Each structure stands twice: as structure tokens, then as C-alpha cells.
Amino acid sequence: VTLSSKLLSKTGKILYAGTQTGNVGMFTANAGATTLKLASRRAGQAVSFAALKSAANVGQHITLQITQQTFQQLGGNVISISKIKNLDGVNDIFVRRMNQSAELDIIFDGTAQDLAVLLERAGFKIISFEAGFVRI
């Protein structure tokens, strides 16, 4: 028995694609069921590992740097960051640094470009962005 499995992110990125086989090596009355269970177990382990690896992937953690001017326009305090936290796709925010400007780690369902588009639609001016980093 050979099983094919694929795991996709919410954005359509392929996180895992592979095949697993099950072979018990003997022909018995329940060999088919045993083979299927073995292949299923292997597929489950492979997909689970890919999901955990993806969840820990730094690529989903985007650094957002807020310039002094933008930070002051937002209100210049921790409460003002909730405007960003409430955007669609933003799962959580962790403050790296905050003084007259701010630097945040954002757990986001998408790429830095997706976040830049979302911020732009919300009225923020994008100064720059690159893989894993956006500056407003």
C-alpha cells in the first residue's frame, strides 16, 4: 500500500508532500488492513512533523519596524499596537523593542509582502519590506 499526502498552509504554500508505504511482508487474512495501518501511521507522523516544523518556522514570524514618526502617529504607546494586532491574519504580536519607535515580531498568516499590502490597506505608509521584514 502506498499513500500520498500533502499539507498546505492557509496561503496555499506546500508545507509537505510525500508518499509512505506499508508492507508487512507476509500474506495473511488481515495483511491488507495491517499494511494500510502502517502506511497511515507513517503518513500521520510525516505530516505531523511538517506541521510542527512549519509552526516553529521563523518565516512566519515577521519583524515589523515602526519608525518614530509612525509610532507617534499611532499614539506612541503599547495600546496603540492593538491597531496592528486587530488586522486579519495577525495571530499575535511580541514587542522586541519600544522607545520612541518600535520593533515587533508578528506571527502572521502570510509573507512580508502580504503583511505590507494589509498594512497599506489599513492606511499605513510602507517604507520598505523584504523577506521577513516590513518597515512603516
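Here are some numbered notes on the predicted model shown above.

1. Ground rules. This is a predicted model, where local features need pLDDT of at least 70, side-chain atom pairs count only at pLDDT 80 or more, and totals for chains, interfaces and linings use all residues. Numbering starts from 1 along each chain as its sequence is written, and side-chain values use heavy atoms, with hydrogens and water left out.

2. Layout. The chain carries four helices and seven strands, taken as DSSP runs numbered from the N terminus (helices: H or I, at least four residues; strands: E, at least two). Reading from the N terminus, the order is β-β-α-β-α-α-β-β-α-β-β.

3. Overall dimensions. The C-alpha trace spans about 75 × 20 × 20 Å along the principal axes.

4. Surface and burial. Of the 136 residues, 35% count as buried (buried is under 20% relative accessible area, exposed over 50%, partly exposed in between; 1.4 Å probe, protein chains only).

5. Among contacts with a separation of 6 or more, 43% are between residues 24 or more positions apart (contact means heavy atoms within 4.5 Å). As for charge, the mean positions of the 14 positive and 8 negative charges lie 9 Å apart. Lys and Arg count as positive and Asp and Glu as negative, leaving out His and the chain ends; each charge is placed at NZ of Lys, CZ of Arg, CG of Asp or CD of Glu.

6. The core. The largest nonpolar core has 23 residues, and those with the most contacts inside it are Leu64, Ile66, Ile84, Ile106, Leu119, Val134 and Ile136. Two or more residues each come from strand E3 (61-66), helix H2 (68-74), strand E4 (90-98), strand E5 (102-108) and helix H4 (112-121). H4 gives the most, with five residues. By nonpolar core I mean a set of buried Ala, Val, Leu, Ile, Met, Phe, Trp, Tyr and Cys residues joined through side-chain atoms within 4.5 Å.

7. Setting aside residues up to four places away in sequence, Ile84 touches Leu64, Ile66, Leu74, Val90, Ile93, Ile106, Phe124 and Ile136. Leu119 sits in helix H4 and counts as buried because its relative accessibility is 0%. With neighbours within four places again left aside, Leu119 is in contact with Leu64, Leu87, Phe124, Ile126, Val134 and Ile136.

8. Thr70. This residue lies in helix H2 and is buried, with a relative accessible area of 13%. Not counting residues up to four places away, Thr70 touches Phe124 and Ile136. Lys53 is 17 residues from Thr70 in sequence, and their C-alpha atoms are 34 Å apart.

9. Thr19. Now for strand E2 (residues 14-21), where Thr19 lies. Thr19 counts as exposed because its relative accessibility is 52%. Its contacts, not counting residues up to four places away, are with Thr2, Leu3 and Ser4. From Thr19 to Arg121 is 102 residues along the chain and 41 Å between C-alpha atoms.

10. One more distance. Leu119 and Thr28 are 91 residues apart in sequence, and C-alpha to C-alpha they are 61 Å apart.
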